[in-house]
Amino acid sequence: MKTVELKSLVYRWSDQSDPVLSIDNFNLDAGECVFVKGPSGSGKTTLLSAIAGVIDVPQGSVRVAGSDIGALVGGDRDRFRVDHLGIVFQVFNLLPWLSALENTLLPCRFSARRRDKAGSDPKAAATRLLRELGLEDAGLINRPASALSVGQQQRVAVARALIGAPEVVLADEPTSALDEETKETFVQLLLKECRASGASLLFVSHDGSLERRFDRSIELPMLNKGNS
Ligand SMILES: Nc1ncnc2c1ncn2[C@@H]1O[C@H](COP(=O)(O)OP(=O)(O)OP(=O)(O)O)[C@@H](O)[C@H]1O
């Protein structure tokens with residue numbers, strides 16, 4: 001089964017003459033972890049925005065977990081996103097006044113599907129995920145996100161993306177602020193957790209040193225030329 005299917009996708013920002021995305025065909029299989037590499041400005045964030053339905057794609061089709069995301073409008077699209085996608089942003093986007101635990105539980109607040117899939121006790125599921133990701137101390141998981149280190153915030157962002165087992169996890173350059181060793185550990189943890197929950201992972205980065213850990217690696221400029 002394919003969790004992401006892109007067909008004849010063309011996307012151009014309104015002030016640009018050339019399209020930033022021009023992808024004939026791209027599929028992500030269920031449970032597959034794929035690394036997408038490309039230099040700064042090559043369209044990596046735009047690609048994830050198209051898959052997440054954050055931008056409207058006027059040409060081509062984007063299917064996620066079997067649904068045409070372009071056919072969903074307004075609140076339906078927002079609900080679909082939180083039901084089926086976990087997103088780890090470049091800057092994490094945690095709510096600073098909420099604790100690590102509350103941030104992790106956010107998808108369960110907005111999605112009955114994620115809440116159901118998290119089991120009978122979502123709080124226990126969140127605590128377990130945070131613990132697996134190295135946040136074991138009860139003091140830490142109850143601390144506001146604003147009082148956590150960058151590495152700790154990153155782990156919370158991963159726990160939030162994974163809770164309630166979404167089919168697809170999108171990660172946008174989440175290692176850019178980390179040193180080599182921490183980066184390696186973080187990626188191993190992310191892959192382990194995605195594999196444990198059965199999620200497909202699309203990880204975009206300009207940093208090719210991480211690609212060997214993934215099932216498959218693609219260069220966005222090549223994909224854009226139809227050579228994937
Ligand atoms: N909201 C926007 N409006 C107009 N142009 C945009 C917008 N967002 C991105 N772009 C342009 O689209 C191109 C691709 O940007 P994008 O952020 O997708 O690249 P990227 O590969 O993720 O870059 P980076 O690695 O620096 O984050 C760039 O030329 C950028 O200026």
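Which residues surround the ligand? In this predicted model, the ligand is surrounded by Trp-13, Asp-15 and Val-20, by Gly-38, by the run Ser-40, Gly-41, Ser-42, Gly-43, Lys-44, Thr-45 and Thr-46, and by His-206. Sorted by class, this shell holds 8 polar residues, together with 2 nonpolar and 2 charged ones.

The sheet is open and is formed by 4 strands in the order 2-1-4-5, with antiparallel pairing. Its edges are strand 2 (21–29) and strand 5 (67–68), each of which pairs on one side only. Strand 5 is joined to strand 4 (residues 59–64) by 2 bridges, the two strands running antiparallel, and Arg-63 stands opposite Asp-68 in strand 5. Across strand 1 (2–11), strand 2 and strand 4 lies helix 1 (residues 44–51), which runs at about 115 degrees to strand 1.

Two packed helices are described by the angle between their axes and the distance between the axes. For helix 3 (residues 100–110) and helix 7 (residues 150–162), the axes come within 7 Å and cross at roughly 30 degrees; angles under 35 degrees count as roughly parallel, and helix 3 and helix 7 are therefore roughly parallel to each other. The crossing of helix 3 past helix 7 is right-handed. On the side of helix 3 the contact is made by Ala-100, Asn-103, Thr-104, Leu-106 and Pro-107, and on the side of helix 7 by Val-156, Ala-159 and Arg-160. By class, the residues of this contact of helix 3 with helix 7 are 5 nonpolar, 2 polar and 1 charged.

Key: Residues numbered from 1 in each chain as written. Predicted model: local features only at pLDDT ≥ 70, side-chain atom pairs only at ≥ 80, totals over all residues. Near = placed C-beta within 6 Å. Nonpolar A, V, L, I, M, F, W, Y, C, P; charged D, E, K, R; others polar. Axes fitted to C-alpha atoms, helices over the stretch in contact; angles between N-to-C directions. Parallel < 35°, antiparallel > 145°, perpendicular 65-115°, else oblique. Left-handed = near helix turned anticlockwise from the far one by under 90°. Contact = placed C-beta atoms within 7 Å. Pairing = 2+ DSSP bridges.
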